[in-house]
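Let's walk through this structure together, beginning with the ligand and its surroundings.

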Amino acid sequence: MAGKLLSIGECMVELSQAGEGLLRKGFAGDTFNTAWYARACFPADWQIDYFTAVGDDPMSSDMLSMMNAAGIGTSLVIRIPGKTPGLYLITLKDGERTFSYWRDTAAAKKLADDADHLRAAIESADIVYFSGITLGILAPEAVDTLLSEARRAKAMGKMVVFDPNIRPRLWPSKEYMLKTIEDGARASSLALPSFDDEKVHFGDKDEQATVARYKALGVENVVVKNGPDGVTLAFGSEPVIHVPAVKVDKVIDTTSAGDSFNGGFLARLVEGGTPAEAAAHGAAVAARVICHHGALISPDLLPK
Ligand code: ADP
């Protein structure tokens, strides 16, 4: 069955060290990374669209060209005159990566300001995907707009997918962050949290506790990712199951592990796979991604 996945969030300019004082330019951002892996893994008759706001500058144009070249639709992207995209710089020191961000004035912060446009975009999709980072960059009124459209989509029977991706530095206070993450979960039918984040911020003692907490918020389907320890799945009224990770001998860079898992997982699910099969595929995709540098690896390197 053909369909359309709409991923909503912020894609940033990524600058990384290229040696001799030079910087290499790329583009990445959690919801975009998932769109990238969704495009690589979904059936060809599925449309994968990205929803964000960018500026009218050359860098924004480059970003949209890159998305189009990857087969990701950008017709719904809002262009705001005079604005620019957010940017982050990766610095390597003694093998440790440090991230510096310039995103406070990014165009993407305005992605939900036009409620009618957002509603039409969401209505056009079968699967709607957003994250705690999407919510974290928005002003409170824009959070309300996005969440009310997500709730509406859920009520219409669309698959609404939420990755909490908890990033405290994006939020004005811990209380507001946790409350809004919970609101994001309530608005979704499938939550894909990472146990490391949930343990730290919600105090969950194990993956089962994370599953129980999201279920109690009214999320029908929950997949808790836990790095090399695999995932814990609770789909509908089916029993909770565990699906192992794929063993990786030498991890090179875990950036985008969760994002790529999500893309591979959703792809196998829309193809009619069971949740366990979908999780195994997500794990195989993520295992390949973490063997390479950077958030986005070539689709040729991914398992079929
Ligand atoms: P996030 O990147 O969101 O923190 P995780 O670290 O839980 O998410 O990783 C997501 C998925 O990536 C895991 O469920 C697993 O399939 C895979 N993964 C992550 N780290 C490893 C690892 N060291 N070995 C094998 N698979 C891994």
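Start at Asn 226: one of its polar backbone atoms is 3.5 Å from an oxygen atom of the ligand. That counts as a polar contact, meaning a pair of N or O atoms within 3.5 Å. The backbone of Gly 258 also has a polar atom 2.9 Å from a ligand oxygen, and an N or O atom in the side chain of Ser 194 is 2.7 Å from a ligand oxygen. On its own the ligand has 550 Å² of accessible area, and the protein covers 83% of that (Shrake-Rupley method, 1.4 Å probe).

A word on ground rules: this is a predicted model, where local features need pLDDT of at least 70, side-chain atom pairs count only at pLDDT 80 or more, and totals for chains, interfaces and linings use all residues. Residues are numbered from 1 along each chain as its sequence is written, and side-chain values use heavy atoms, with hydrogens and water left out.

Now step back to the whole shell. The ligand is surrounded by 15 residues, each with a heavy atom within 4 Å of it. Among the closest are Val 246 and Ala 286. Helix H9 (257-270) and helix H10 (275-289) each give at least two residues to this shell; helices here are DSSP runs (H or I, at least four residues), and strands are E runs of at least two.

Elsewhere, Arg 103 and Glu 10 form a salt bridge, with their closest N and O atoms 2.7 Å apart (the cut-off is a side-chain nitrogen of Lys or Arg within 4 Å of a carboxyl oxygen of Asp or Glu). Arg 103 sits in the loop between strand S8 (96-102) and helix H3 (115-123), and Glu 10 in the loop between strand S1 (3-8) and strand S2 (12-17), so the pair ties together parts 93 residues apart in sequence.

Terms used: Polar contact = N/O pair within 3.5 Å; in protein donor to acceptor, adjacent residues only side chain to side chain.
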